[in-house]
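I would like each term to be given with its cut-offs.

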Amino acid sequence: MRQIFLDTETTGLDPKTGDRIVEIGCVEMVNRRLTGRNLHLYLNPERPGSEEAIRIHGLTDEFLADKPKFREIADELVEYVRGAEVIIHNAGFDVGFLDAELRRVGQPRFAELAGGILDTLVMAREMFPGKANSLDALCRRLEVDNTHRHFHGALLDSNLLAEVYIRMTRGQNSLVIDEEKGSEEQVEQIDEEQAAIDLSTFVLPVLRAAEAEQAAHDKMLAELDKASGGKTIWRQVLAHGEKAVA
């Protein structure tokens, strides 16, 4: 399966008022492994950026002045994403801008080019209801290192999103380029070494709680029982067990 993690930076918040894309970052993953075949483009938006947007991504009008215009890179982007599942955090925002840019150059809507669009913000809200689910919040929650993220950057954020996605879908804990993965012989050797360990030779110590620790634990359970209105399952099981013994 070919998946593309995509992010954009823009001159403002609304393509309907003329805001444009200034940066596109795409990270390719095939069969849950990064390939290193990424796409990173800075664009001349042909209009000034808002102060708020520049404060967020740091891309000034002067920096973007000599960059290609969207129409000059449209074919490259279309061919890159064609047929792939595209994964975006808060997809409505980025797709809205991409559709506006594609419409200007006579290309189909983005959803017609991609093999599918997956919004990780929707995924996160289902997995962590009632919690903050920004990309930064997910990095903190899933222990993805984003300490180097001083500005929003499309390629940087796409790489972070790829790591977050892998952890959200309970896959491997980190992403590696294909060439770095171990050979089948190495994996088989590790399996053989692990199988050779006789676990019956290990003696595991039993650490019993001190009286003060047990008292603190009982107090916490009592508070949980009170807070739930007496609906804690372990109390019900215990009461049932005591009746059965009697």
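Of the contacts in the protein with a separation of 6 or more, 65% are accounted for by residues 24 or more positions apart, where contact means heavy atoms within 4.5 Å. The model is a predicted one, in which local features need pLDDT of at least 70 and side-chain atom pairs count only at pLDDT 80 or more, while totals for chains, interfaces and linings use all residues. Residues are numbered from 1 along each chain as its sequence is written, and side-chain values use heavy atoms, with hydrogens and water left out.

The protein contains eleven helices and six strands; these are DSSP runs numbered from the N terminus, with helices being H or I of at least four residues and strands E of at least two. Buried residues make up 36% of its 246 residues, with buried meaning under 20% relative accessible area, exposed over 50% and partly exposed in between, for a 1.4 Å probe and protein chains only.

The largest pocket has a volume of about 530 Å³. A pocket is defined on a 1 Å grid over the protein atoms alone, as an open set of points where a 1.4 Å probe fits, with protein on both sides within 12 Å along at least five of seven lines, whereas a cavity is a set from which the probe cannot get out; lining residues have an atom within 4 Å of a point. Grid points are joined across faces, edges and corners, and the volume is the space filled by probe spheres set on the points. Of the 26 residues that line this largest pocket, Asp7, Thr8, Glu9, Phe93 and His152 are the closest to its centre. At least two lining residues are supplied by each of S1, helix H1 (51-57), H4, helix H7 (135-141) and H8, and the largest share, five residues, comes from S1.

An unreviewed UniProt entry carries the annotation "binding site" for Asp7, Glu9 and Asp157, although such annotations may be inferred rather than shown by experiment; the positions are given in the numbering used here, and feature names are shortened. These residues are spread over 151 residues of sequence, yet they cluster in space, with a largest C-alpha distance of 10.1 Å. The lining of the largest pocket takes in Asp7, Glu9 and Asp157 from this set. Glutamate 9 is placed in strand S1 (residues 2-10) and is buried at 8% relative accessibility; leaving aside neighbours within four places in sequence, its contacts include His57, His152 and Asp157. Aspartate 157, for its part, is found in helix H8 (residues 154-168) and is buried, with a relative accessible area of 4%.

Turning to the aromatic rings, those of Phe, Tyr and Trp (its six-membered ring) pair if their centres lie within 6.5 Å, and planes under 30 degrees apart count as stacked, over 60 as edge-to-face and the rest as tilted. By this rule there are three aromatic pairs. Tyrosine 42 and phenylalanine 63 form an edge-to-face pair, 5.1 Å centre to centre with 90 degrees between the planes. Because tyrosine 42 lies in strand S4 (residues 39-42) and phenylalanine 63 in helix H2 (residues 61-64), this pair ties together parts that are 21 residues apart in sequence. Phenylalanine 93 and phenylalanine 97 form a tilted pair, 5.0 Å centre to centre with 50 degrees between the planes. Being four residues apart in helix H4 (residues 91-104), they are separated by about one helical turn; phenylalanine 93 is partly exposed at 26% relative accessibility, whereas phenylalanine 97 is buried at 1%.
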